[in-house]
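Hi,

Here's the structure I said I'd pass on.

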Protein chains: 2
Amino acid sequence: MKLEKVTDRSGRKYHDACGAAHGLDLVGERWALLVIRELMMGPRRFGDLRKDLCGLSANVLTQRLEGLEASGIVRRRKLPPPASVQVYELTDWGYEIEPVFILLGGWAARSPAHDPTLPISAVSIMLSFKTMFDARRAGDAAMTLGFVFGEDVFRVSIAGGRLEPRRGGIEDVDVTVVTQPPLVAAAVYGKVPPQALAADGGMEVRGDAGVFARFIDFFDLPQKASMEA
Amino acid sequence: MKLEKVTDRSGRKYHDACGAAHGLDLVGERWALLVIRELMMGPRRFGDLRKDLCGLSANVLTQRLEGLEASGIVRRRKLPPPASVQVYELTDWGYEIEPVFILLGGWAARSPAHDPTLPISAVSIMLSFKTMFDARRAGDAAMTLGFVFGEDVFRVSIAGGRLEPRRGGIEDVDVTVVTQPPLVAAAVYGKVPPQALAADGGMEVRGDAGVFARFIDFFDLPQKASMEA
DNA sequence: CGGCATCCGGGAAGATACTG
DNA sequence: CAGTATCTTCCCGGATGCCG
């Protein structure tokens, strides 16, 4: 005679009119914001998300996608034949959480406990460029770069003091970097010379290596917050 | 032969170099961000936090304050005699999370599921002003308002297209509103006429009521996101 | 294989009672 | 007033298995 175990999340909500509190009701559950992060550069399949979010189990991913879909942040779409696969993508409103995400990343990167040597996903690196890009240093520089992480291909364009990463389309870029995400972090934020990374066989720079070198100079090392006051 | 039960939160971290992921390690636990919210307008005592965060139990509050203190976001301070009470306050770096908070609130307020009629804390209302303030509508208007919620007294100043709420110091304001936080929400966002609220006995406007009326016009009704696309 | 349901162990959240 | 101790509930994470 047990009652059905309806997923009654109402007890876990904050019951607070504060906008931020409602934001936490929407994306405050564990993994939710990271699922959104992986969708921020375009639609992805269930398996892609599992692969990129190390430590997230399938059942929790299912729950999060259901919740985010119910909230109107994510929608599922069936690609037309012959692909005919199901993908998840952000709604227009879902994409608009990006500035929150960027600012949170910028704030947390100043944490004394932040460890930039941990593993990092391809999407994270691309989004981190938006967080850490110093438009003042870039001035009116204009360039396009390609980043190839196995199957995942990104194009980063800089123009008019703005940086914009996208998926795909790197035929016409100034330079292409073929590597793994953590090595990009080492080069851009750790200021490890790309030649050293190339010598280890972990990175290949095709095209104008000078462009990549200038690109690296557009990024500050995130400076830690002091614990005083 | 049981192992000691060290508080091993390492299993709950994301192990991700992404700045935002680390941000969630810092403030992603339940209630953490709302504790920070209540500290955003200045130091508070343990009991104050309990009172303002309805639904948060004492043990969880203790855990959050410990965690946030260990992260360098919150510090505990003993006020000098004769007060001699302990208060919690944000560190300088802790205060810098405010833009994240403001943007999250602005984004979530557009959720179809957001219910502005729920209870709201005094600090939340003050911070919501920063989220919803429309500098374009305010133009070059300059005014100061006092808000009195029982013991909690706030001063809101508008000048040069900027709005700034602070605690205390309302001797010289243009108008003072004595009421409860939800009724401010009703007046400012629900556009319920203050006279109607005053007639119910829930609000008293002391001073230039016209200033409060103009103030209300500086705020948009948050418009919902469409669920399309 | 992609997507999702089910079962289980550990641990965080929540409520209550208790202590200095 | 400021927490601590204890107990219950339930979420998270891992494993397994079903189904198209």
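Predicted model: local features only at pLDDT ≥ 70, side-chain atom pairs only at ≥ 80, totals over all residues.

Residues are numbered from 1 along each chain as its sequence is written, and chains are lettered from A and ligands numbered from 1 in the order in which they are written.

DNA strand D has 18 residues around it, the closest being B:Arg45, B:Phe46, B:Gly47, B:Ala58 and B:Asn59 (near: C-beta, placed from the backbone, within 6 Å). By type, that surface splits into six nonpolar, seven polar and five charged (Ala, Val, Leu, Ile, Met, Phe, Trp, Tyr, Cys and Pro are nonpolar, Asp, Glu, Lys and Arg charged, the others, Gly among them, polar). H4 (58-70) of chain A, plus H3 (46-52) and H4 (58-70) of chain B, each supply at least two of its residues (helices are DSSP runs of H or I, at least four residues, numbered from the N terminus).

Now H6 (residues 98-108) of chain A. Its axis and that of H1 (residues 19-27) of chain B come within 7 Å and cross at roughly 75 degrees (axes are lines fitted to C-alpha atoms over the stretch in contact, with angles from 0 to 180 degrees between N-to-C directions). H6(A) and H1(B) are therefore roughly perpendicular (65 to 115 degrees). Among the residues meeting there are A:Trp107 and B:His22 (contact: C-beta atoms, placed from the backbone, within 7 Å).

Cheers

How values were computed
Parallel < 35°, antiparallel > 145°, perpendicular 65-115°, else oblique. Contact = placed C-beta atoms within 7 Å.
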